[in-house]
Amino acid sequence: MRIRSHRSAAVRAAVAGVTAVLLGAAGLAACDAIGGNSPGPKGSTAGTKPSPKPTPTWDTSPHSVAAVGDSITRGFDACSVLTDCPEVSWATGSDTGVRSLAVRLLGKDRAATHSWNYARTGARMADLPAQMEQAAAVSPGLVTVMAGANDACRPTPASMTPVDTFRADFEDAMRTLRREVPKAQVYVSSVPDLKRLWSAGRTNPLGKQVWKLGICSSMLADPDDLAAAATRRRASVQDRVVAYNEVLQDVCAKDRRCRYDGGAVFDYRFDGRQLSHWDWFHPSKDGQSRLAAMAYRRVTAKEPIT
């Protein structure tokens, strides 16, 4: 019995020795696992790099500007009667007195080679998809949109563009751009307050004579007629403009790279200095400059201005 006891003790000692060696090796392996260039245990920040900041969706300094829209963006009646004057366009003009959006964003020299004006006097929203296709061909960083006034400025209120049609045309224009230039930014101006323009211009005899040539007859015809029928006619045009602006805002809000002006152009109170001295309806050079300033403020804002 004594011999067996000695042997059992020897076995237990040997097992204990092997266990100690194994535990020691495991401890060294664990130390190696968290040392040197190896990653630390969960929760450790040793050896990790900070995550890069996410790229903002809206670029406040786009590399180029393309403009689509109607007569306002063409500078119509700003330099001479019934004539386009694109050099004073709020969006892409080169006139130093206006300082267009393109000039403010890019500088005069770069704006001369990196901005394009595809707007057309008389254009309606139905014309915007084709203009967008032209703009997409130059892969612009920013596209400006100012359209809708001619959809309300028709011979009669009955001939104004239906709101549903206006929406479909604008959505088509946006799809056209997105197919070709998915990351292009879009700045959308609201339709001006046509009733306010009638109110501001109807006191000018020269302007009223030019209005007789057919400028926005749905609103401007018989400008001195304040009878109930004429008042209802102007109110219906005003209501349609408001509806158009709601469409512009709604469609733009569904596109993460689109900014609506928040109604800034509609709300702006154009007066004699900001209106053409030939028709007292379209923006003058001063008015074009005010439009450029409004757009620049909103394009360069980190967050949308409402």
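Author: Accessibility first: buried means under 20% relative accessible area, exposed means over 50%, and partly exposed is what lies in between (1.4 Å probe, protein chains only). You're looking at a predicted model, in which local features need pLDDT of at least 70, side-chain atom pairs count only at pLDDT 80 or more, and totals for chains, interfaces and linings use all residues. Residues are numbered from 1 along each chain as its sequence is written, and side-chain values use heavy atoms, leaving out hydrogens and water.

Reader: OK, what makes Arg202 partly exposed?

Author: Arg202 has a relative accessible area of 24%.

Reader: How many salt bridges does a search of the whole structure find?

Author: Ten. One of them joins Asp271 and Arg273, with N to O at 3.0 Å. Arg273 has a relative accessible area of 58%, so that one is exposed, whereas Asp271 is partly exposed at 26%. There's also a network: salt bridges that share partners join Arg167, Asp250 and Lys254.

Reader: Let's move to secondary structure. How many helices and strands does the chain have?

Author: Twelve helices and five strands.

Reader: How do you know that the buried residues of α7 line one face of the helix?

Author: In α7, Leu194, Leu197, Trp198 and Gly201 are buried. Seen down the axis, they fall within an arc of 105° (taken from the directions from the helix axis to the C-beta atoms), so they line one face. An α-helix has 3.6 residues a turn, so residues three or four places apart point the same way. The cover over those α7 residues includes α5 (149-152), α8, α9 and α10, where a contact means heavy atoms within 4.5 Å.

Reader: What span does helix α12 reach, and what is expected?

Author: Helix α12 (residues 285-299) has 15 residues and reaches 21 Å from its first C-alpha to its last, close to the expected 21 Å. The expected figure is 1.5 Å times one less than the number of residues. Among the buried residues of α12 are Gly287, Leu291 and Met294, and the elements covering its buried residues include β3 (142-146) and β4 (185-188).

Reader: Why is the pair of Phe166 and Tyr244 called stacked?

Author: Rings of Phe, Tyr and Trp (its six-membered ring) pair if their centres lie within 6.5 Å; planes under 30 degrees apart count as stacked, over 60 as edge-to-face and the rest as tilted. Phe166 and Tyr244 have ring centres 4.1 Å apart and planes at 10°, so they're stacked. This pair links distant parts of the chain, with Phe166 in helix α6 (residues 163-180) and Tyr244 in helix α10, 78 residues apart. Phe166 is buried at 0%, and Tyr244 is buried at 0% as well.

Reader: Then what makes Tyr268 and Phe270 edge-to-face?

Author: Their ring planes are at 80°, with centres 4.8 Å apart, so the angle is over 60 and the pair is edge-to-face. Phe270 is buried, at 8%. The whole-structure search finds three aromatic pairs.

Reader: Which residues have the most contacts inside the largest nonpolar core?

Author: Trp90, Val145, Phe170, Val188, Leu194 and Phe281, in a core of 70 residues. Helix α10 (residues 228-253) gives the most to this core, with seven residues. A nonpolar core is a set of buried Ala, Val, Leu, Ile, Met, Phe, Trp, Tyr and Cys residues joined through side-chain atoms within 4.5 Å. Leaving out residues up to four places away in sequence, Val145 touches residues including Val68, Phe170 and Val188.

Reader: How do you know that Thr144 is buried?

Author: Thr144 has a relative accessible area of 0%, which is under 20%, so it's buried. Thr144 is found in strand β3, and its contacts beyond four places in sequence include Val65, Trp90 and Tyr187.

Methods: Helix = DSSP H or I, 4+ residues; strand = E, 2+ residues; numbered from the N terminus. Salt bridge = Lys/Arg side-chain N within 4 Å of Asp/Glu carboxyl O.
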